[in-house]
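Colleague: Could you take me through one part of this model slowly, strand by strand? I would like to see how it sits in its surroundings.

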Amino acid sequence: MIYQKTTSSRLRTSVRNAYTLLELILALALSLVVIMAIGMAIQLYLVALTNQQNYIERKTIARGVGEMVANDLRGGIQYKAADYSDLENLVQSQMMMINQAASIDPTTGEPTEGESSETPPVVDEDNVAFRPTMIGDNTSILIDVSRLPRLDEYNPLIANVESPVQTPSDIKSVAYFVSLTDGGADTGVEFAGTAAPGGLYRRAIDRAVASYNGDTGLVANPDEYSRLVAGEVAEIQFRYFDGEEWLNQWDSVESGGFPTAIEIVIVLDPQRTLAGQNYAYSGFNADQMETYRTVVHLPAAEVEE
């Protein structure tokens, strides 16, 4: 009897410590749910991290583009007519003395009748050969910049290679504009094959070459002098402050100088990197676009009194 009771108690103990098939299935299902939840949480975290990283990259690009445009604007050359009044007075006095000496008869010592020659102007400001300018509208700008060439720009000159694109010059006509087509220009930026074409272009050409070609106006399409600097930019806007109000257009020749400040608005469309070649810009939309604004003060500008 003692042996039978011991055996039956061991059997009951072993039955209580075992798992049923239903319990095993429920445990596996619960484990699967937990693993799926952890995987989804990791995926959401990675997506949020990627979006935040892309946002930071776009913000860095916008800041770099703004600094690039601002540096070119601050390096612009403003035409100022020189004051030759003192020199003209000196020339006039000398010419009067010459006329008086020429009007005296050396034999009799008496003044002779004759027409006195007029004093020519020292400098005719209306016929100045080179007059640096800055013209711009709401979507593009062109300014003559004074900056020493880089050492690499002298390579074609040293190698005796004619390359009008890389002609070393201390005065360049620099233009900024947005074109959503490549236009056969030198991109300078390598993108994947699915990247959207075009973006923000910077066009730099020797001022003498531009004047010789008669190409001194605003540019809207990229050419061999253009270089793509930011393919993420979908639109750029400019406004010009004259000391009293913001204007959408500016001409330094008509205005007689530079504006006090220039507002730059850079519009980035996140869909440009997602849609690829199928991207189509639908216009500015504050809900979808990312806008970055900066105001550049021009130290060479003078406020009109």
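Modeller: Happy to. One definition before we start: strands here are DSSP runs of E with at least two residues, numbered from the N terminus, and two of them count as paired if DSSP finds at least two bridges between them. Please keep in mind that this is a predicted model.

Let's look closely at the hairpin that β1 and β2 form, with 4 residues between the two strands. β1 covers residues 134-136 and β2 covers residues 141-146; they run antiparallel and are joined by 3 bridges.

On to the next neighbour. β2 is also joined to β3, by 6 bridges, and this pair runs antiparallel too. Here D144 stands opposite S173 of β3.

Stepping back, these strands belong to an open sheet of 6 strands with antiparallel pairing, in the order β5-β4-β3-β2-β1-β8. The edges are taken by β5 (226-230) and β8 (250-251); each has a single partner strand, so one side of each is left without a neighbour in the sheet.

How covered is β2? Of its 6 residues, 5 are buried, so by the cut-off of under 20% relative accessible area this strand is mostly covered.

That leads us to the largest nonpolar core, which has 27 residues; V69, L73, M134, I141, F238, I262 and I264 are the ones that touch the most other members. At least two core residues come from each of α2 (21-74), β2, β3 (171-179), β4 (199-206), β6 (233-241), β9 (261-268) and β10 (290-297). Helix α2 gives the most, with 5 residues.

Leaving aside residues up to four places away in sequence, M134 touches I141, L142, I143, W250, D251, S252, F258, P259 and I262. Among these contacts are I141 and I262, which are listed with M134 among the core members touching the most others.

L30, V34, I38, I42, Y45, L46 and L49 make a nonpolar surface patch of about 690 Å². One of them, L46, is found in helix α2, and L46 is partly exposed, with a relative accessible area of 46%. The helix that gives the most residues to the core therefore also carries a residue of this patch, since L46 passes the cut-off of over 30% relative accessible area that patch residues need.

Conventions. Residues numbered from 1 in each chain as written. Predicted model: local features only at pLDDT ≥ 70, side-chain atom pairs only at ≥ 80, totals over all residues. Heavy atoms only, no water. Core = buried A, V, L, I, M, F, W, Y, C linked by side-chain atoms within 4.5 Å. Buried < 20%, exposed > 50% of the residue type's maximum accessible area, 1.4 Å probe, protein only. Contact = heavy atoms within 4.5 Å. Patch = residues over 30% accessible without salt bridge, like charges linked within 9 Å, V, L, I, M, F, W, Y side chains within 5 Å. Areas by Shrake-Rupley, 256 points an atom, 1.4 Å probe, with all protein chains shown as cover. Salt bridge = Lys/Arg side-chain N within 4 Å of Asp/Glu carboxyl O.
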